[in-house]
Amino acid sequence: MLLTLTTTHRPASDLGYLLVKHPDRVQSFELPAGTAHVFYPEAGEERCTAALLVDIDPQRLGTGRGRGRRQATTPESFTLGQYVNDRAYAASSLLASALSAVFRSALRGESRDRPELAGTAIPLEVRVPVLRCRGGADVAGRLFAPLGWTVTATPIPLDEQHPDWGDSRYVDLLLAGTLRVADALNHLYVLLPVLDDAKHYWVAPDEIDKLLRAGAGWLADHPERALITRRYLAHRRALAGQALARLTELRLADNPLPDDSIDETPTADTGPDAGMPVHEAGSTGGTGPGDQNGAGPGRASLAVRRRVAVLAALAASGATRVLDLGCGGGALLTALVADRRYTEVVGTDVSTHALTLAARRLRLDRLPERQRERIRLWQSALTYRDDRLRGYDAAVLMEVIEHLDPPRLPALEDAVLGHARPGTVVVTTPNAEYNVRYEGLPAGRFRHADHRFEWTRAEFAAWVERVAATYGYTATIGGVGEDDPEVGAPTQLAVFTAAEQAAPERATTDKNMTDQSSDARKEERR
């Protein structure tokens, strides 16, 4: 079975640093069911392709794995099926296991030599020429498109000489998108077994943790999370129920919306796939052009895009010690902790329940001591000065300010930009002008029942200008999501940089580098 990963990000050969596999060598790895080989068919400045080829040994597949353990119920679990099957030729859950074994550091988003690139979304193309896909090409699109991939799933005919026989259960899968390599690999690690729908090993309760770990930051918001969870856990109802309950907790912590919110998209638990969620005819699983749960093929959810934009701003700032203010259930914290460039990550929230959910999401009780020392969770109200928050490189207020009554905003401004005064502050908030694009949102209503205000672009720009001038910051403003020519993007984003942070005379010694000083240092190193 074969999988290729291609990038055109220049220099493209840096893909080798992200995968921790040298382009000039063929490397082989022994697996329980065979041997995996990694090589590069092409490795140039403009284009680089890494290939993972897995050679399955039928005898090892049938006898080597799971000895002394209960075996999985798959087409290979009976004696003859261990030797007469498609495992050696079609991508399946075995390929996902090979990804985990061979690209372990890349899956965690770690790169010692290119840490900044590891946290950057780059153009990627993934090809799996023969993939066992239960449910056909449509299911592949429903699983990958909400994550930001453009999906081309071409059914493979049973016999090219006899087209009247119809299509086989296999597809030629091509994915294209701009994502972090770690995100791409985690999508594949989870969704390849889901499409295969026949795991090659017995599914135990610890598979729930594997699923939630690989799905951190995207699975809880995925419109097909019920299908993904059920198939990944081999249709074991008890395990699937536990996993869905934990995902629901994460969703409520990150986005505690009422049932009639525009951000919620109910699904019907019907269909031929034993409860596969399906949408109404003509629906893409969303409520409008900017739906936050993924609206249309090839478009990531707004929640995911927002996190990616915030992470990009933090990476550009050069920060290593970061505050997530109003962290909720820890969606952004999970991404920050996964990135080794951040030596200290602090999450604060006024809600102790939210902090409990964040700790559970981060699995603090299971992390090694060295890893756990990087993380702090503090209860704190952002309208009061807190000395613990002083001295950090950067702070994030992601979808926070709109939950405060306008008269309380000056207190937050003073506590964060005045007293704590991080070198960089990243703020996101809804764009009120975009609300007309949500079909399910009545005129005059906010997107969230707890929002106290939602600003137009002009109102947000005026606030940013005033706050920056008051507290000695410079600021840039941008948008997140589809940029509508009439009403702008659904989310507004501002990046504040402390004046002393941007001063040229301090750029070579200040720990909190701005974009300009970061670029200058790169030129000096060259």
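Predicted model: local features only at pLDDT ≥ 70, side-chain atom pairs only at ≥ 80, totals over all residues.
I number residues from 1 along each chain as its sequence is written, and side-chain values use heavy atoms, with hydrogens and water left out.

**Entry: H6 and H9**

I recorded an angle of about 110° between helix H6 (residues 137-144) and helix H9 (residues 225-232), with the axes 10 Å apart. Axes are lines fitted to C-alpha atoms, for helices over the stretch in contact, and angles run from 0 to 180 degrees between N-to-C directions. Helices (H or I, at least four residues) and strands (E, at least two) are DSSP runs numbered from the N terminus. I listed Val139, Arg142 and Leu143 of H6 as meeting Leu227, Ile228 and Arg231 of H9 (contact means heavy atoms within 4.5 Å). I sorted the residues of this contact into 4 nonpolar, no polar and 2 charged. Here Ala, Val, Leu, Ile, Met, Phe, Trp, Tyr, Cys and Pro count as nonpolar, Asp, Glu, Lys and Arg as charged, and the others, Gly among them, as polar.

**Entry: H7 and H8**

I then examined helix H7 (residues 181-196) and helix H8 (residues 206-214), whose axes come within 9 Å and cross at roughly 145°. From H7, Asn186, Tyr189 and Val190 meet Lys210, Leu211 and Ala214 of H8. I counted 4 nonpolar, 1 polar and 1 charged residues in the contact of H7 with H8.

**Entry: the sheet**

I traced an open sheet of 7 strands with mixed pairing, in the order E12-E11-E10-E13-E14-E16-E15 (two strands pair if DSSP finds at least two bridges between them). Strand E12 (375-379) and strand E15 (473-480) are at the edges with a single partner strand each, so one side of each has no neighbour in the sheet. I found that the twist averages 15° from one strand to the next. E15 runs antiparallel to strand E16 (residues 491-498), and 8 bridges join them. Val480 has Thr491 of E16 as its bridge partner. Helix H15 (residues 409-420) lies across strand E10 (321-325), strand E13 (394-398), strand E14 (424-430), E15 and E16, and runs at about 150° to E13.

**Entry: burial in H3**

I checked helix H3 (residues 93-102) and found it mostly covered, with 8 of its 10 residues buried. Buried means under 20% relative accessible area, exposed over 50%, and partly exposed in between (1.4 Å probe, protein chains only). Among the buried residues of H3 are Ser93, Leu95, Leu99 and Val102.

**Entry: backbone details**

I noted a cis peptide bond between Arg10 and Pro11, with omega about -5°. Pro11 lies in the loop between strand E1 (2-7) and helix H1 (15-19).

I also looked up positive phi values in residues other than glycine. Ala234 has phi near 55°; it is found in the loop between H9 and helix H10 (237-254) and is partly exposed, at 36% relative accessible area. Glu399 has a positive phi of about 55° and sits in the loop between E13 and H15. Glu399 counts as buried, at 18% relative accessibility.
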